[in-house]
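Here is a friendly walk through the aromatic residues and the nonpolar packing of this protein. Have the viewer open as you read.

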Amino acid sequence: MTALSGSFFVLPNFIDPFADAKLFLTFFENPVVVSIAIMIWCVYFFLIYWARKADRNDIEKVGVNIAMDNSQEDKYTYLVCIITGWWNDAGTTADVSMVITGALRQSSKHALNDDSNDRKHFQSGSEDWFVITTPNTLGDLQSVTVWHDNGGNSPAWASENFDCVPPMLNLTRIIVEDLQTKESWTFLFGDWLAVDRGVCTTTVNLPVCTQEELKSIHKQDFMLKSSQDLRNGHLWLSIFSKPPHSTFTRVQRLTCALSLLLTTMLTNIMFHGIPTDDPDDQKTVGHITLSLADIVIGIESAIIMFPINIIIVQLFMKTRAKPLMKYKIKLPWWFIYIAWTVAMTTSLVSTYFVMLYGLKFGYQKSVDFILSFFTSFFQSAFVTQPIKVIIIAVLFTLILKKPVELESRKTSVVQGEVSDESERREDDNDDGQEKNHFIPLPLTKKLIEKAKEKLRIEGLVQETLVNISLYFVFVCVILFMVHGHRNIKESYLCTKAIEDIFVHPSHSEDTWVYPTDTLAIEK
């Protein structure tokens with residue numbers, strides 16, 4: 001009998017979900033698959049606790065900020081977006097300020113902060129939006145000047161920093177939009193704003209990019225596109241690197257990942273061990289031999305696994321929470337309960353059948369399945385999928401040369417938030433008195449040199465401490481190698497003999513006559 005005999009479909013391993021339930025009584029004879037399934041759920045609940053906290057932190061990073069130093073008399077508004085890289089050390093704790101220069105006039109200095117909330121700005125992976133007001137239009141923008149005061153514990157700042165290896169590209173995009181005319185200008189920067197990195201300065205003047213320049217920055221677009229897709233499009237990586245503005249939360253992504261993992265396990269274990277090497281099912285094309293059974297099993301697995309998981313992901317992505325009902329949505333808010341019900345039901349049913357299959361397989365076959373499954377899973381999740389992301393980024397940015405759009409809020413939504421924030425700010429300042437806000441000035445060359453010297457000394461101290469620690473570890477290793485392989489019995493007997501002679505002597509006084517008379521040093 002071939003795998004395809006009698007039908008185009010390959011029948012999976014048979015199991016009775018009710019009669020075979022008694023196999024759970026044999027758990028201690030074959031606990032492999034059941035233990036792995038339970039462990040997966042334990043990891044899920046552990047990560048759910050972390051994901052909920054991370055989602056709450058993301059909420060603090062999104063939204064439009066009204067610059068606190070805006071004058072109530074200024075009615076002309078500009079929307080400024082500053083993109084910070086998503087690597088671990090790309091953000092800054094310093095206070096950032098800026099000036100916008102146009103063809104007609106220059107804006108006043110503005111501190112990019114909002115004291116009305118506890119929101120942290122310029123964190124790794126954030127897109128910070130600020131509303132800056134001016135008395136009149138600035139005309140066509142020519143440049144922006146950005147600086148920080150080098151304050152806080154981590155003042156060094158790189159936007160879109162790709163510094164996992166020695167710096168190759170540190171990309172900053174600052175986008176300024178005129179909310180009256182809908183015109184926008186882009187400013188690029190490819191380095192650090194820090195006293196000890198990159199150009200070694202905390203102040204930079206960025207000229208506006210022309211349309212021709214924007215069309216030619218394919219390398220920057222490729223890096224931005226690939227980072228966006230990895231952060232937001234890769235289901236597994238996005239659990240930890242999700243953009244803060246995405247409404248597809250980490251908890252929801254984690255739940256979708258759980259459903260995908262368990263359904264993948266189910267489809268793999270259903271067909272595990274089915275013979276696919278029958279000569280009648282083999283087709284040779286050139287030097288490549290294809291198994292029709294393998295192809296059919298792959299199609300059947302995809303039919304079982306992908307539709308339900310695509311539905312779960314789309315339900316989570318297309319549904320909005322109650323507070324966001326004022327924005328345009330595609331599904332009512334209560335669809336979120338349907339998404340959770342489908343996701344949990346799919347995961348629980350898949351877990352049950354995976355456990356039954358594992359108990360029915362026996363110990364050795366279960367071990368073989370677990371090893372083969374997780375090998376192929378990690379290869380797919382962390383090798384194949386990232387390669388697909390890179391290929392797509394190359395296709396869109398380097399071949400098709402399509403411009404990369406920001407993932408954050410659209411202008412219509414941003415304008416709604418601007419209006420809400422402006423009304424709230426006016427209510428807070430209804431006494432008619434404007435507060436004075438301190439705006440730090442750019443650091444002088446003298447202060448930058450002092451900061452460099454301080455950092456140089458701190459670096460030397462840290463390097464010295466590391467060298468001392470490494471030397472101590474080296475000495476310990478040498479001592480262990482020298483004394484660790486000595487014969488313990490001989491060492492003990494030698495030590496005991498010396499103690500018996502000098503520490504606990506049991507000989508008569510005549511024993512000491514020879515050493516005292518012969519070996520004693522004459523005074």
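Rings of Phe, Tyr and Trp (its six-membered ring) count as a pair if their centres lie within 6.5 Å; planes under 30 degrees apart make the pair stacked, and planes over 60 degrees apart make it edge-to-face. By that rule, Trp 236, Phe 369, Phe 373, Phe 374, Phe 377, Phe 378 and Phe 382 form one aromatic cluster. Please keep in mind that this is a predicted model.

**Aromatic pairs**

The structure holds 19 aromatic pairs. Two of them are set out here.

| Pair | Centre to centre | Angle between planes | Geometry |
|---|---|---|---|
| Phe 27 and Phe 28 | 5.1 Å | 75° | edge-to-face |
| Phe 373 and Phe 377 | 6.0 Å | 15° | stacked |

Phe 27 is partly exposed, at 22% relative accessible area, and Phe 28 is exposed, at 75%. Helix H8 (residues 363–399) carries both Phe 373 and Phe 377, four residues apart, or about one turn of the helix.

A charge also meets a ring in this model: Lys 365 lies over the face of Phe 361, 4.3 Å from the ring centre.

**Helices and annotated spans**

The unreviewed UniProt entry gives the annotation "transmembrane region" to residues 32–51, 254–275, 295–313, 334–357, 377–400 and 464–484. In the model, residues 32–51 are 100% helix and 0% strand, with end C-alpha atoms 28 Å apart. Residues 295–313 are likewise 100% helix and 0% strand, and their end C-alpha atoms lie 26 Å apart.

How far should helix H5 (residues 250–270) span? At 1.5 Å a residue, its 21 residues should span 30 Å, and its end C-alpha atoms are 30 Å apart, so the two agree. H5 is mostly covered, with 20 of its 21 residues buried.

**Nonpolar cores**

Which residues touch the most other members of the largest nonpolar core? They are Met 265, Ile 269, Phe 316 and Ile 370, out of 49 residues in that core. Helix H1 (32–61), helix H4 (235–241), H5, helix H6 (292–318), helix H7 (335–361) and H8 each supply at least two residues. H5 gives the largest share, 12 residues.

Leaving aside its neighbours within four places in sequence, Met 265 is in contact with Ile 36, Ile 40, Val 354, Phe 369, Ile 370 and Phe 373. A second, separate core holds 23 residues, including Tyr 76, Ile 82, Ile 100 and Leu 141.

How values were computed
Residues numbered from 1 in each chain as written. Predicted model: local features only at pLDDT ≥ 70, side-chain atom pairs only at ≥ 80, totals over all residues. Heavy atoms only, no water. Buried < 20%, exposed > 50% of the residue type's maximum accessible area, 1.4 Å probe, protein only. Lys NZ or Arg CZ within 6 Å of the ring centre and 35° of its normal. UniProt positions renumbered as here; feature names shortened; annotations may be inferred. Expected span 1.5 Å × (residues − 1). Core = buried A, V, L, I, M, F, W, Y, C linked by side-chain atoms within 4.5 Å. Contact = heavy atoms within 4.5 Å.
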